Amino acid sequence: MSAGGFEYAVGAGGLISLSLTLFRGCIQGFEIIQLAAHAGSEADNFRCKLEVEQYRLIQWAERIGLEEQPSERMNWTLVGDILKQMEALLLDTQALKKKYRLDLVPDDSNASAPESTAPPKTSFGKLLSKLRPDFPLASSRIIHESNGSIRKLKWAAFDRAKAANLINDIVHFNNSLHGLLDNVNQDFIKSALGSLLRDIISRSNATSELEVIKQLLSSAYVATPAAVASAASLKQIRLVLGLGPNHNSVNQSVQRAPPEGIKIRLIQLKPNLFQRESPQLSPTGRELARYKSSPVVVEWKFIERGHEKELKTRVDQLAILLSHTYDTSFHSLHCIGFLPKDVSYQPNDEDSICYGLVFKLPISASNLAPIAPVIRPLSTLFAARRRPSLNERRDIAIALAETILQLHTSGWLHKAIRSDNVLYVDTGDSKWESCNVTGPFLAGYEYARPTTAYTEAMPAVPEQEMYRHPKGQGLTRANFR
């Protein structure tokens, strides 16, 4: 090796070693601030955001092999500069007090206890540690390799607005580090963090935690921030309705106030504004109709007498859920409310009653004449003269997978995914044969339920049974929750 090459290698090695030291200092700073004793929900939300940023920093270090095999393609001079600024931001208590009005002082309340990192105190952090057990272990190992302990401090003053500024500055430095990665590694971290946040959303039982996640997503460092935020909002609605882990129906005694920006309202439509297009109902329980002269799709839910109170509550829940599916990742028709039983097809049936979920069609006024819209299920389109191309089939699969992911993340199960519940809309200028039909839309929510509720008995129709698990078929089907 030439003298110049040797000097370069020594210089690069020194920069990597310095970067590793600064990285460990940053982790120590995160732990010091998170473990500072302070009560109140504002401090909990602050710690939640810190936990995510600490996780992002550790993920970044793993992708570049900082502690094992550092990447030779990394700009280590720039890495060192960014880490140095982040470490100063997290460890300089005087700067925290002066710039952010966050006053940290020594905590002598339990001086005899050994100084070490503790498990996360927020329920968000506990979920994070449960889903990614390597995260707290990595933090503890890094602290141990630094100096074996951290200083115990407590908040003497905590300013909410200034704390938000501190988080924004930390996000800026983290984003700068992530921006030094190649596109493959950036996409990997965004995808992994998005999956992690979805796991936390699905397991969380606190609307405040979900609100923090939505605030985190405003930084757009996950692959699909709008979709994940929408799933968090749907989960918030479920919790507001009292559908936590121990509740199977809307329970007024456990309902919470809706989070800011979410309006929850159950809309019972007016029967006198409803007009049928056909005197008979199709075997699917679905019909085209008009409400306020606009075309709609109605899905009728038949309920055995004796179960009306319980299952009517589920109709209410579904109407509320499906009226909040605004994000484009939720490929379903938008629910505008429900119709009461007195306008059903069986008003005098002694054995059952039914309610209708009403969905708006994605049709503008210019599409209404002269050809009426037609709803076509996927099963009939595959039998048409023009079969869908491979790209179209891929797009159908992606749309259905996105919708199901949103449902499952928010804590709901569809229970009737099959080809006749995947709909397309044909209008005057939108035809399947001309490749511009509108859809797909996942429909058939009459048996959808929260993950904590029981599954209703479904009719043993052979064409529908084939889509179910063998243990879920027939009259002696197994009950799943």
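Predicted model: local features only at pLDDT ≥ 70, side-chain atom pairs only at ≥ 80, totals over all residues.
A residue is taken as buried when its relative accessible area is under 20%. The secondary structure consists of 14 helices and 12 strands. Among contacts in the chain with a separation of 6 or more, 74% are accounted for by residues 24 or more positions apart.

Helix α5, spanning residues 123-131, and helix α8, spanning residues 183-203, have axes that come within 10 Å and cross at roughly 120°. The two helices are therefore oblique to each other, and the crossing of α5 past α8 is right-handed. On the α5 side, the contact is made by Phe124, Leu127, Leu128, Lys130 and Leu131; α8 contributes Leu196, Leu197, Asp199, Ile200 and Arg203. By class, the residues of this contact comprise 7 nonpolar and 3 charged, with no polar residue. The charged residues are Lys130 of α5 together with Asp199 and Arg203 of α8.

Cysteines were considered separately. A pair of cysteine sulfur atoms is assigned as a disulfide when the two lie within 2.5 Å, and by this rule the count is 0 disulfides. Cys48 has a relative accessibility of 3% and, because this value falls under 20%, counts as buried. Cys354 is likewise buried, at a relative accessible area of 1%.

Note on methods: Residues numbered from 1 in each chain as written. Heavy atoms only, no water. Axes fitted to C-alpha atoms, helices over the stretch in contact; angles between N-to-C directions. Helix = DSSP H or I, 4+ residues; strand = E, 2+ residues; numbered from the N terminus. Parallel < 35°, antiparallel > 145°, perpendicular 65-115°, else oblique. Left-handed = near helix turned anticlockwise from the far one by under 90°. Contact = heavy atoms within 4.5 Å. Buried < 20%, exposed > 50% of the residue type's maximum accessible area, 1.4 Å probe, protein only.
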